[in-house]
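Student: I'd like to learn how to read a structure like this one. Can you walk me through it?

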Amino acid sequence: MRLHDLRHSAATLLIEENASLKAIQERLGHSKFEVTADFYAHVTKKVSRDTADKLEKFNPKNFVPNSSPTEKSVEF
């Protein structure tokens, strides 16, 4: 394994742990954010699954209307 491969792995692991791309950019020493985002930010199955889970809260089937008459509820 090359040192370059370890840099990709480190960036990917940090992304999986929800580190910001800006922080990863600084850690890797990239002068441009685009280098980190385009070449080092790999989407793993875990990241893809976590993203889908975050969107699931907007699924109308999971919406529970607010029973309080004083608060406005969102309708889909």
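Student: What percentage of the 76 residues in the protein chain do buried residues make up?

Tutor: Keep in mind that this is a predicted model. Buried residues make up 17% of the chain's 76 residues.

Student: Okay, and how many helices and strands are there in the protein chain?

Tutor: You'll find 4 helices and 0 strands. Going along the sequence, the pattern reads α-α-α-α.

Student: Which residues form the largest nonpolar core?

Tutor: The idea is to look for buried nonpolar residues joined through their side-chain atoms. Here the largest such core has 6 residues: Ala-11, Ile-15, Ile-24, Leu-28, Tyr-40 and Val-47. Helix H1 (3-16) and helix H2 (21-28) each supply at least two of this core's residues.

Student: Now for a single residue. Is His-8 buried or exposed?

Tutor: Buried means under 20% relative accessible area. His-8 has 17%, so His-8 is buried. You can find His-8 in helix H1.

Student: What does His-8 touch, not counting residues up to four places away in sequence?

Tutor: Phe-39, Tyr-40 and His-42. With His-42 there's also a polar contact between the side chains, at 2.8 Å.

Student: And why does Leu-3 count as exposed?

Tutor: The cut-off for exposed is over 50%. Leu-3 counts as exposed because its relative accessibility is 64%. Leu-3 sits in helix H1 too. On the surface, Leu-3 forms a nonpolar patch with Met-1 and Leu-6, and together they have about 400 Å² of accessible area.

Student: Where is the place of Val-43?

Tutor: Look in the loop between helix H3 (33-40) and helix H4 (45-56). Val-43 counts as exposed because its relative accessibility is 65%.

Student: Last one: what does the accessible surface of the protein chain come to?

Tutor: About 6,400 Å², with 57% of that belonging to carbon and sulfur atoms.

How values were computed: Residues numbered from 1 in each chain as written. Predicted model: local features only at pLDDT ≥ 70, side-chain atom pairs only at ≥ 80, totals over all residues. Heavy atoms only, no water. Core = buried A, V, L, I, M, F, W, Y, C linked by side-chain atoms within 4.5 Å. Buried < 20%, exposed > 50% of the residue type's maximum accessible area, 1.4 Å probe, protein only. Patch = residues over 30% accessible without salt bridge, like charges linked within 9 Å, V, L, I, M, F, W, Y side chains within 5 Å. Areas by Shrake-Rupley, 256 points an atom, 1.4 Å probe, with all protein chains shown as cover. Salt bridge = Lys/Arg side-chain N within 4 Å of Asp/Glu carboxyl O. Polar contact = N/O pair within 3.5 Å; in protein donor to acceptor, adjacent residues only side chain to side chain. Contact = heavy atoms within 4.5 Å.
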